[in-house]
Amino acid sequence: MKKHNFYAGPSILPQFTIENTAKAVMDFAGTGLSVMEVSHRSKEFVAVMDQAQALFKELLHIPDGYSVIFLGGGASTQFAMVPYNLLNKKAAYLNTGAWAKKAIKEAKLFGEVEVVASSEETTFNYIPKGYKIPEDADYFHITTNNTIYGTEIKTDIDCPVPLVADMSSDIFSRPIDISKYALIYGGAQKNLAPAGVTFVIVKHDALGKVERNIPTMLNYQTHIDKESMFNTPPVLPVYAALQTLIWLKDNGGVEAMEKKNIEKAQLLYDEIDRNKLFVGTVAKEDRSLMNICFVMNDEFKNLEAEFYQFASERGMIGIKGHRSVGGFRASTYNALPKESVLALIETMQEFEKMKA
Ligand SMILES: *Cc1c(COP(=O)(O)O)cnc(C)c1O
């Protein structure tokens with residue numbers, strides 16, 4: 001039976017990425033060696049790193065004055081690395097979910113943190129608006145897509161201080177105006193590559209402004225200067241990321257992805273709104289294009305486990321909601337075909353016919 005992969009992360013990757021990476025595990029760039037057993041300083045791998053950086057810049061239209069670096073440690077290490085490098089006295093954060101909270105906790109180790117707004121009291125089911133960003137903050141931190149709750153900041157906001165964004169789960173899902181950001185980071189395992197590589201897009205003039213000493217490995221400047229080769233980079237995930245970047249380019253780039261993502265999300269949200277059994281969990285204007293969360297309508301609450309079972313039997317994988325929200329979450333990342341969304345919709349309709 002065809003499997004439809006709705007996992008939130010690690011999550012679906014293009015078949016192109018998986019096949020090419022599998023080939024390179026056997027024979028990398030005609031070397032007769034596996035990509036797992038070649039030096040990261042070999043000319044073949046240096047070419048991979050260079051091409052990955054170049055395609056990142058090309059696909060996201062990254063202007064001069066920014067670097068793209070590939071690190072280990074996941075987005076979670078960035079929660080600390082950002083304030084280590086950027087927070088002198090005070091930073092501002094928007095609290096839109098569990099990941100934002102973790103970022104806030106780390107920032108507090110380095111200075112004053114002003115949480116400008118939070119939607120925690122309603123389980124993060126909307127993006128706060130109308131908040132004021134303090135002009136004396138060293139930066140303002142947002143999480144553009146809240147993977148767990150299914151809310152998303154879908155536009156590039158205007159910000160009076162340097163803007164920092166965790167884009168772990170929506171990078172490459174839409175065009176972004178990079179010039180509005182000082183720094184963007186994310187773990188690759190949601191929309192780009194297998195777990196193990198973390199991307200950081202950083203504006204050079206955002207750095208060098210803090211007074212503290214920064215350990216070499218945690219200093220962005222180290223990795224900019226050494227082009228992500230200061231120490232051994234995560235070679236295999238970087239190789240896989242490059243394949244996804246090539247796939248993105250071959251498929252019309254982020255502009256084409258955005259169109260497809262809007263179409264897929266719209267189909268599924270329309271069904272959630274139409275179907276008597278289900279209801280969406282977040283404010284409509286803040287609905288994520290990447291993680292679509294829904295629960296059973298009140299009068300059908302007792303059918304949750306049964307629907308999960310029913311959907312699993314039809315090849316729907318990974319639709320269980322995060323434990324803090326419950327219900328269901330269908331992640332519709334770039335690599336998820338429309339066909340999978342249609343299969344889920346059909347499953348919801350069949351179940352409705354049986355029950356409502
Ligand atoms: C998954 C996720 C993280 C954590 O990423 P790790 O690479 O596991 O550290 C952080 N932020 C967001 C928005 C995420 O979705």
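Analyst: Asn291 stands opposite Ser331 in strand β14. Strands here are DSSP runs of E with at least two residues, and helices are runs of H or I with at least four, numbered from the N terminus. The model is predicted, with local features needing pLDDT of at least 70 and side-chain atom pairs pLDDT 80 or more, while totals for chains, interfaces and linings use all residues. Residues are numbered from 1 along each chain as its sequence is written, and side-chain values use heavy atoms, without hydrogens and water.

The partner of β14 is strand β12 (residues 291–296), and the two pair in the antiparallel sense over four bridges (pairing requires at least two DSSP bridges). Strand β14 itself covers residues 328–331, with Phe328 and Ala330 pointing one way and Arg329 and Ser331 the other way. In a regular strand the side chains alternate between the two faces of the sheet. Phe328, Arg329, Ala330 and Ser331 are all buried (under 20% relative accessible area; exposed is over 50%, partly exposed in between, with a 1.4 Å probe and protein chains only).

The domain assignment places 4–11 + 253–355 in domain 1 and 15–250 in domain 2. The C-alpha centres of domain 1 and domain 2 lie 27 Å apart. Between them, 29 residues of domain 1 are in contact with 29 residues of domain 2 (heavy atoms within 4.5 Å).

Next comes a helix pair. Helix α7 (residues 253–274) packs with helix α9 (residues 338–355) at an angle of about 5°, and their axes are 9 Å apart. The two helices are therefore roughly parallel to each other, a term for angles under 35 degrees. From α7, the residues Glu263, Lys264, Leu267, Leu268, Glu271, Ile272 and Arg274 meet Lys338, Val341, Leu342, Leu344, Ile345, Met348, Gln349 and Glu352 from α9. By type, the residues of this contact divide into eight nonpolar, one polar and six charged.

Arg274 lies in helix α7. With a relative accessible area of 43%, Arg274 is partly exposed. Leaving aside neighbours within four places in sequence, Arg274 is in contact with Gln349 and Glu352. Arg274 and Gln349 are 75 residues apart along the chain, and their C-alpha atoms are separated by 9.8 Å.

Gln53 is found in helix α2 (residues 43–59). At 12% relative accessibility, Gln53 counts as buried. Apart from neighbours within four places in sequence, Gln53 is in contact with Val68, Phe70, Glu227 and Ser228. Gln53 and Ser228 are 175 residues apart along the chain, with their C-alpha atoms separated by 9.6 Å.

Ser228 has its place in the loop between α5 (220–225) and α6 (235–250). Although Ser228 is not a glycine, its phi is positive, about 65°. Ser228 counts as buried, at 2% relative accessibility.

His61 also has a positive phi, about 50°, without being a glycine. The loop between α2 and β2 (66–71) holds His61. At 52% relative accessibility, His61 counts as exposed.

One further backbone feature remains. Gly9 and Pro10 are joined by a cis peptide bond, with omega about -10°. Pro10 lies in the loop between β1 (4–5) and α1 (15–26).

Notes. Axes fitted to C-alpha atoms, helices over the stretch in contact; angles between N-to-C directions. Parallel < 35°, antiparallel > 145°, perpendicular 65-115°, else oblique. Nonpolar A, V, L, I, M, F, W, Y, C, P; charged D, E, K, R; others polar. Domains from an automatic or database assignment.
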